[in-house]
Amino acid sequence: MGFTVRNAPTMAVVDVIRVKGGARLAGDVSVVGAKNSALKLMAAALLATGRSVLTNVPRITDIAIMAEVLRRLGCEVEQDEDRVTIDVPERLGTEADYDLVRRLRASICVLGPLLARCGHVRVAHPGGDAIGSRGLDMHVEGLRRMGADISGEHGFVIATAPKLHGATIWLDFPSVGATENLLMAAVLANGRTEIDNAAREPEIVDICRMLTDMGADISGAGSSRLVIEGVPELRPVSHRTVGDRIVAGTWAFAAAMTRGDVTVHGIDPSFLEIALDKVATAGGQVDTTPDSFRVRMADRPRAVDVVTLPFPGFATDLLPMAVGLSSVSEGSSLITENIFDGRFMFINEMSRLGADIRTDGHHAVVRGVERLSGAPVTATDIRAGAGLAIAGLCADGVTEIRHVHHIDRGYPSFESDLRGLGVEVERAVAPPDQFDF
């Protein structure tokens, strides 16, 4: 059974999740494929005519939106449980519409493969989470070095290149999105492309694995230097998406915050080495296997400092969970955000729960309190929504999280997973007039 994107998120903006505080998470939970990988793998399928099949794909709204992006480019896309089948035609469309791209920043990743396949592409400037500025300068400059003529017009990025050629590209910052776009453009370019200061995330390694199976010539995956020898064409493949380290990390911090005992399956713990080390430093016992980990916390956590950095550093997507842990820890923590200038937007909502947080630029000082206090709060992005719900488990009373369509974009079974770990949780529809801010 497939599913398609809803026309307008009318119901989503009035959905709320209510969690009852005082829960101690205990039990087992499994994570499926990484959203941040699956979306880009779907774009990579555009590089080869024929049928590609992706498995271990999360059933989330972002996947539905990306499926619709591909359909409007001429692909046939079906999803059945965790499997996405993409039939790519010989002749693709070359325009990604604003009404979809504004809802999903990851859709900008069709820029590279469409330019490589078609020689021309028109993609709307992307939207996505409200977590700060994320420009396209590195995408554009890299493609220009590969021979593309790029301009902007009426909110669209327009790129033309009859045939891309290899180039040496230095990224000012190890941007995941820029690395992915340039990588997908380079695999069909003439000659050798070198991307220095490339992103090293597991999701980059995952897309390199898929592209290599498709026939691409890529070396250096997982390092800061990627070397790509262009090939004339690629072939469709079947590929299993790597496990979602951010969802797994969410459960690790949730176990620590609630003094629980949770085993997380379906993830390589090495993807979360620093995050799990922070949990251990806070007093948790962490045990690992090749594809799972267990977090146990007997006492109140101890305060730990956190600095977000590109992989293998502490992931910015786990910052809301780190702030949540610090909010109920013994002592004070310094949290430093180095990736997105708007990541602290959710802190006002944490303060509504009684957290003691002071911000100064990209630093936040968090003084831990024994208990938070349940209150209505609003999710500002995917990870903030999950972080607020987890914080609500450490609060007296009930916490109601609004704008939960954000959570739906990144967590395929959030309420049922919470319920399976012992949480009293419900989703409800609140009167729309509560949300007329």
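Select L211. Setting aside neighbours within four places in sequence, L211 is in contact with A44, L47, L183, M184, V187, A216, I218 and L234. Contact here means heavy atoms within 4.5 Å. This is a predicted model, where local features need pLDDT of at least 70 and side-chain atom pairs count only at pLDDT 80 or more, while totals for chains, interfaces and linings use all residues. Residues are numbered from 1 along each chain as its sequence is written, and side-chain values use heavy atoms, with hydrogens and water left out.

Together with L211, they have the most contacts inside the largest nonpolar core, which has 81 residues. A nonpolar core is a set of buried Ala, Val, Leu, Ile, Met, Phe, Trp, Tyr and Cys residues joined through side-chain atoms within 4.5 Å. Buried means under 20% relative accessible area, exposed means over 50%, and partly exposed lies in between (1.4 Å probe, protein chains only).

**Helix α4**

Go to residues 111-118, helix α4. Helices are DSSP runs of H or I with at least four residues, strands are E runs of at least two, and both are numbered from the N terminus. Six of the eight residues of α4 are buried, so the helix is largely enclosed by the rest of the structure. Colour the buried ones: L111, G112, P113, L114, L115 and A116. What do they pack against? Show α1 (35-44), β7 (120-124), α5 (137-145), β9 (156-160) and α6 (176-186).

**R245**

Jump to helix α8, residues 245-257, and select R245. Is R245 buried or exposed? It is buried, with a relative accessible area of 8%. Leaving out neighbours within four places in sequence, R245 is in contact with E201, P202, E203, I267, F271, L272, F311 and A315.

**Zoom out**

Show the whole protein. The view now holds 14 helices and 26 strands. The C-alpha atoms fill a box of roughly 60 × 45 × 40 Å, taken along the principal axes. Of the 437 residues, 58% count as buried. Finally, look at how the chain comes together. Among contacts between residues at least 6 apart in sequence, 74% join residues at least 24 apart.
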